[in-house]
Amino acid sequence: MTYVIFSPCIDTKNKSCVDVCPVSCIYLESDELDRMLYINPDECIECGACEPECPVTAIAHDSAVPDNEKEFIQLNAQWFEDPDAVRARINEIKPPA
Ligand code: SF4
Ligand code: SF4
């Protein structure tokens with residue numbers, strides 16, 4: 001179980017969640033490469049501190065992710081194994097402006 005970031009983060013990335021995470025498990029590689037941030041499911045301690053900090057309601061516990069955002073449960077985990085594949089999928093979900 002973990003918290004998950006989903007689509008409203010794409011191209012928002014204000015990073016207020018990063019500042020409150022006590023275990024620093026919310027990542028991107030760089031603003032140039034990544035259009036959103038990702039929570040490492042192996043590191044997240046499910047404290048919930050990040051969720052209320054997000055101005056666009058892009059974070060939830062994996063059990064509470066909206067049905068139309070559930071793909072992001074897998075995408076958050078996959079980014080730590082194959083970030084390029086996830087970046088390509090993000091561009092399909094929301095084509096760059
Ligand atoms: S739930 Fe807590 S540990 Fe998990 S990403 Fe959010 S702030 Fe970090
Ligand atoms: S606070 Fe929300 S929009 Fe900002 S980086 Fe975190 S998840 Fe993305």
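User: Which residues have the most contacts inside the largest nonpolar core?

Analyst: A quick note before the answer: this is a predicted model, where local features need pLDDT of at least 70, side-chain atom pairs count only at pLDDT 80 or more, and totals for chains, interfaces and linings use all residues. Residues are numbered from 1 along each chain as its sequence is written, chains are lettered from A and ligands numbered from 1 in the order in which they are written, and side-chain values use heavy atoms, with hydrogens and water left out. A nonpolar core here is a set of buried Ala, Val, Leu, Ile, Met, Phe, Trp, Tyr and Cys residues joined through side-chain atoms within 4.5 Å. The largest one holds 26 residues, and those with the most contacts inside it are Ile-5, Ile-26, Met-36, Ile-39, Ile-59, Phe-72 and Ile-90.

User: Is Ile-59 buried or exposed?

Analyst: Ile-59 lies in strand S4. Buried means under 20% relative accessible area, exposed over 50%, and partly exposed in between (1.4 Å probe, protein chains only). Ile-59 comes in at 3% relative accessibility, so Ile-59 counts as buried.

User: Which residues are the closest to ligand 1?

Analyst: A residue is near a molecule if one of its heavy atoms lies within 4 Å of it. For ligand 1, 13 residues surround it, and the closest are Cys-21, Cys-44, Cys-47, Gly-48 and Cys-50.

User: And which are the closest to ligand 2?

Analyst: Ligand 2 has 13 residues around it too. The closest of them are Cys-9, Asn-14, Lys-15, Cys-17 and Cys-54.

User: In what order do the elements of the chain run?

Analyst: The chain has three helices and four strands. From the N terminus on, they run β-α-β-β-β-α-α.

User: How many of the 97 residues count as buried?

Analyst: Along its principal axes, the C-alpha trace spans about 30 × 25 × 25 Å. Of the 97 residues, the share that counts as buried is 40%.

Notes
Helices (H or I, at least four residues) and strands (E, at least two) are DSSP runs, numbered from the N terminus.
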